[in-house]
Amino acid sequence: MKPATSLRLLLLMAAFVLATLPAARAAESGKRVVTVGGDVTEIVFALGEGERVVGRDTTSTFPPEAGRVPDVGYMRQLGAEGVLSLRPDVVIASAGAGPAEVLKQIESAGVRVVRVPDPHSVDGLIQKVTAIADALDAKAAGAALTAKLQQDLTKARSEVAGMPGHPRVLFIITAGSGPPMAAGTGTAADALIKLAGGENVFAAHTGYKPISLEAAAAASPEAIGLMDQTLREMGGVDAVASNAALRLTPAAKEKRIFGREGSYLLSFGPRLPQALSDFAHAIREKAAEKGAL
Amino acid sequence: MTSAAIDVTARIRDMRAAQIRTRRLFLVCLAGGLCVASLAALVIGAVPIPLGDVFGSLSPFHDAEGQYGEIVQSIRMPRLVLGLCVGAVLGLSGAALQGLFRNPLADPGIIGVSSGAALGVAFVIVLGNAVMPGALAIAGPFALPVAAFGGGIAALLGVYTLSRRAGALSGSSLILAGIAINAIAGAALGYLSFASTDEQLRQVTFWTLGSLGRTNWASLIPAAIAMIAASVLLLRLAPVLNVYLLGEREAEHLGVNAGRLKNQVIMLSALGAGAAVAVSGIIGFVGLAAPHIVRLFAGADHRVVLPGSALLGALLLVSADLIARTAVAPAELPVGILTSALGGPFFLWLLGRYRRELL
């Protein structure tokens, strides 16, 4: 093939692609999406479909572009008419979204509601991405994203496999006025601890349950993870480490206490590979070295 | 008869006529306000719907096509009906309980009916399947209203017996008993939240927050029937409650069966407030404030206080819900915040203005 012919062919192909692109965009632009759940919103943006999002819930804080569209309220306390006022074609909602009656009302008004299961696992993330890509009719982008995530996750997991030991971890989600709430079996934090090769000291309980600081000390965790908001409320790493009850735990002695943003660490979204590697390091290294808060 | 005596009788008759006119005017104003609020609740919402379409979709001849009809019929209409029923029955049971206990602080919330009802609901949600497997499926949409009624009546009977045993059936003993029942119900609710799964916890939390946003006709209708029945029967007790205001013994002398009256008020309040809690969760302040506002405007006659409290309770709740679902649209505010925010300052202003007459 002469260079000139191949160039002409290339130009022709480029022209064809350019000509079909606006048509494809137009067909899609009719699809207005409301996303409910931080992980769902993040995946929609990661699929490159962020411009179709016309509404999102309060927990959708990442990526920052999501903040530009109206907030339909907390994911478990949606209002039917508020969501409908954004004229969505499809509502993509995380499994925890609700109330169920409100989602039913939205559905009966003729809007497709897609529920995305959230089993807090690596496979679960891949399933979420596939389900959302299907709902958006963006199968190619979905396949590309799952391939990339699988690659990054394999890398992160082999990195974790090479790390020493199985640290005993306590994960605290809120402190507030009452006793702190710790993550038990079945929670996203529990799943992350296991993935990172750690052992959850609160695994005897199911879900998020209050824990007394004394019981926390008795469990002698080697690392204490917190939501960064909670760590701030409790006064930072030094305050937690010098807490009367926690003072004697290995975690406090080694200052292996760290705070992370909740939706980054626990949503099992597209940032899971980074979160996993980060968490696996954090439960094994001194907080001071990471310069946490 | 001297002309002076005739003059006095005539003047008393005139004063009574004027009083009746004022009361009638007051009730008509409330009813008018309620009509306006109800219309606004149908017309205004997060989705802008042209007036013609709102009323068009309510007419029996319209075609059921399109989102507008669905929004008016399946979202705004049931929500309005629920607000009317819950507001009316809370106002009414508050007024009747205040009359029965001759205590201005009595209301379904303060004396524990609401938290008892919420506890009943939470008990069924969290332990229902463990204690009586299959029963939930059989009872279906009636399970939660029945549980709320049971919890409400248990709390009311508890308060009644406790305050009775402590001496006279009024004064601080009633409020103290109510506080105790509220504390016990709160503790039990706390334990149930602890023992629940995440999904159950979400449902339980809803009942302690209160919202009109979850209704659909299927769950609304049984509860609405219970609330309307309780309201109608409570309204009929007005003349007897008037006599009862004189005192329990005096009322007995005048032919009132005090025991029967107490049973009626307690059962009907528990039925009404229980059904209200079952579909909308705990909504505070309406039951306490509505009767007082009516009394401050129109006096203590239960023939005015009862219907007035029903109208005002409904007006307060429908207006609060209208603001709750439009103020921060597309999100929603919890309606309980707004009933208190609307009613509270107004109540304080009234108290300040009439302080001399009250004390």
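**Figure 1. Burial and overall form of chain B.** In this predicted model, 49% of the 359 residues of chain B count as buried. The chain is built with 16 helices and zero strands, and its C-alpha atoms fill a box of roughly 75 × 55 × 35 Å along the principal axes. A compact globule of 359 residues would have a radius of gyration near 21 Å, and the 22 Å of chain B agrees with this. Among contacts between residues at least 6 apart in the sequence of chain B, 75% join residues at least 24 apart. The accessible surface of chain B comes to about 16400 Å², with 69% of that area belonging to carbon and sulfur atoms. Chain B carries 23 positive and 16 negative side chains, and the centres of these two sets lie 12 Å apart.

**Figure 2. A salt bridge between two helices of chain A.** The side chains of K128(A) and D39(A) meet in a salt bridge with an N to O distance of 2.8 Å. The pair links distant parts of the chain, since K128(A) belongs to helix α5 (residues 122–136) and D39(A) to helix α2 (residues 38–46), 89 residues apart. Both K128(A) and D39(A) are buried.

Figure 3. K255(A) forms a salt bridge with D238(A), in which the closest N and O atoms are 2.6 Å apart. Because K255(A) lies in the loop between α11 (250–253) and β10 (257–260) while D238(A) lies in helix α10 (residues 236–241), the pair ties together parts that are 17 residues apart in sequence. K255(A) counts as partly exposed at 34% relative accessibility, and D238(A) likewise counts as partly exposed, at 48%. A salt bridge also joins the side chains of R256(A) and E254(A), with an N to O distance of 3.6 Å. R256(A) is buried, with a relative accessible area of 14%, whereas E254(A) is partly exposed at 34%.

**Figure 4. A salt-bridge network with members from chains A and B.** Salt bridges that share partners join E81(A), R76(B), R79(B), D321(B), R325(B) and E332(B) into one network. Over all chains, the count comes to 21 salt bridges.

**Figure 5. The enclosed helix α7 of chain A.** Seven of the eight residues of helix α7 (residues 188–195) of chain A are buried, so this helix is largely enclosed by the rest of the structure. The buried residues are A188(A), A189(A), D190(A), A191(A), L192(A), I193(A) and L195(A). The helix is followed by G197(A), which has a positive phi near 80°.

Figure 6. Most residues other than glycine have a negative phi, and most peptide bonds are trans. In chain A, the peptide bond from F62(A) to P63(A) is cis, with omega near -5°, and P63(A) is found in the loop between β2 (53–56) and α3 (80–84). In chain B, a cis peptide bond with omega of about 10° joins A329(B) and P330(B), and P330(B) has its place in the loop between α14 (302–326) and α15 (335–353). D137(A), a residue other than glycine, has a positive phi near 60°; D137(A) lies in the loop between α5 and α6 (139–161) of chain A and is exposed, with a relative accessible area of 55%. F285(B), which is not a glycine, has a positive phi of about 80° and is found in the loop between α12 (258–280) and α13 (286–298) of chain B.

Definitions and conventions:
Residues numbered from 1 in each chain as written. Chains lettered and ligands numbered in written order. Predicted model: local features only at pLDDT ≥ 70, side-chain atom pairs only at ≥ 80, totals over all residues. Heavy atoms only, no water. Salt bridge = Lys/Arg side-chain N within 4 Å of Asp/Glu carboxyl O. Helix = DSSP H or I, 4+ residues; strand = E, 2+ residues; numbered from the N terminus. Buried < 20%, exposed > 50% of the residue type's maximum accessible area, 1.4 Å probe, protein only. Rg over C-alpha atoms; globule rule 2.2 N^0.38 Å. Contact = heavy atoms within 4.5 Å. Areas by Shrake-Rupley, 256 points an atom, 1.4 Å probe, with all protein chains shown as cover. Lys, Arg positive; Asp, Glu negative; His and termini not counted. Charge placed at Lys NZ, Arg CZ, Asp CG, Glu CD.
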